[in-house]
Amino acid sequence: IAAAIFSVLHLPFPELLLPTFAAGLLWTGYYLASGRLLPLALSHALLATSWFVGVLGRDPMRTLRALLG
């Protein structure tokens, strides 16, 4: 359920639906096993930046500013 919710939260970018679901499954398993949140936050930031720049060819900060208005 947690992975599905995490994935749906990324719906402004439909192309991220499947990758975020997969990441959500992995991160949920890691959190349940370790109880540690900081490594998840850091890996999310690194993965998201890499995905935006390397795969989508977008500037993540420009996209974030556009979403926030």
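Me: Is Thr 20 buried or exposed, and what is its relative accessible area?

Reply: Buried means under 20% relative accessible area, exposed means over 50%, and partly exposed lies in between (1.4 Å probe, protein chains only). Thr 20 has a relative accessible area of 9%, so it is buried. The model is a predicted one, in which local features need pLDDT of at least 70 and side-chain atom pairs count only at pLDDT 80 or more, while totals for chains, interfaces and linings use all residues. Residues are numbered from 1 along each chain as its sequence is written, and side-chain values use heavy atoms, with hydrogens and water left out.

Me: In which helix does Thr 20 lie, and which residues does Thr 20 touch?

Reply: Thr 20 belongs to helix α2, residues 17-34 (helices are DSSP runs of H or I of at least four residues, strands are runs of E of at least two, and both are numbered from the N terminus). Leaving aside residues up to four places away in sequence, Thr 20 touches Phe 6, Ser 7 and His 10 (a contact means heavy atoms within 4.5 Å).

Me: How many salt bridges does the structure hold, and which side chains meet in a salt bridge?

Reply: Side chains of opposite charge can pair when their charged atoms come close. The structure holds one salt bridge (a side-chain nitrogen of Lys or Arg within 4 Å of a carboxyl oxygen of Asp or Glu). The side chains of Glu 15 and Arg 58 meet in it, at 3.1 Å from N to O. This pair links distant parts of the chain, 43 residues apart: Glu 15 is in the loop between α1 (2-8) and α2, and Arg 58 is in the loop between α3 (38-55) and α4. Glu 15 is partly exposed, at 35% relative accessibility, and Arg 58 is partly exposed, at 32%.

Me: Which residues form a nonpolar patch on the surface?

Reply: A patch is made of residues with over 30% relative accessible area and no salt bridge, with like charges joined within 9 Å and nonpolar side chains (Val, Leu, Ile, Met, Phe, Trp, Tyr) within 5 Å. Here Met 61, Leu 64, Leu 67 and Leu 68 form a nonpolar patch with about 420 Å² of accessible area together (Shrake-Rupley method, 1.4 Å probe; for residues, only the protein chains shown count as cover). Met 61 lies in helix α4, residues 60-68. Its relative accessible area is 46%, so Met 61 is partly exposed. The C-alpha atoms of Met 61 and Leu 42 are separated by 16 Å, and the two residues are 19 residues apart along the chain.
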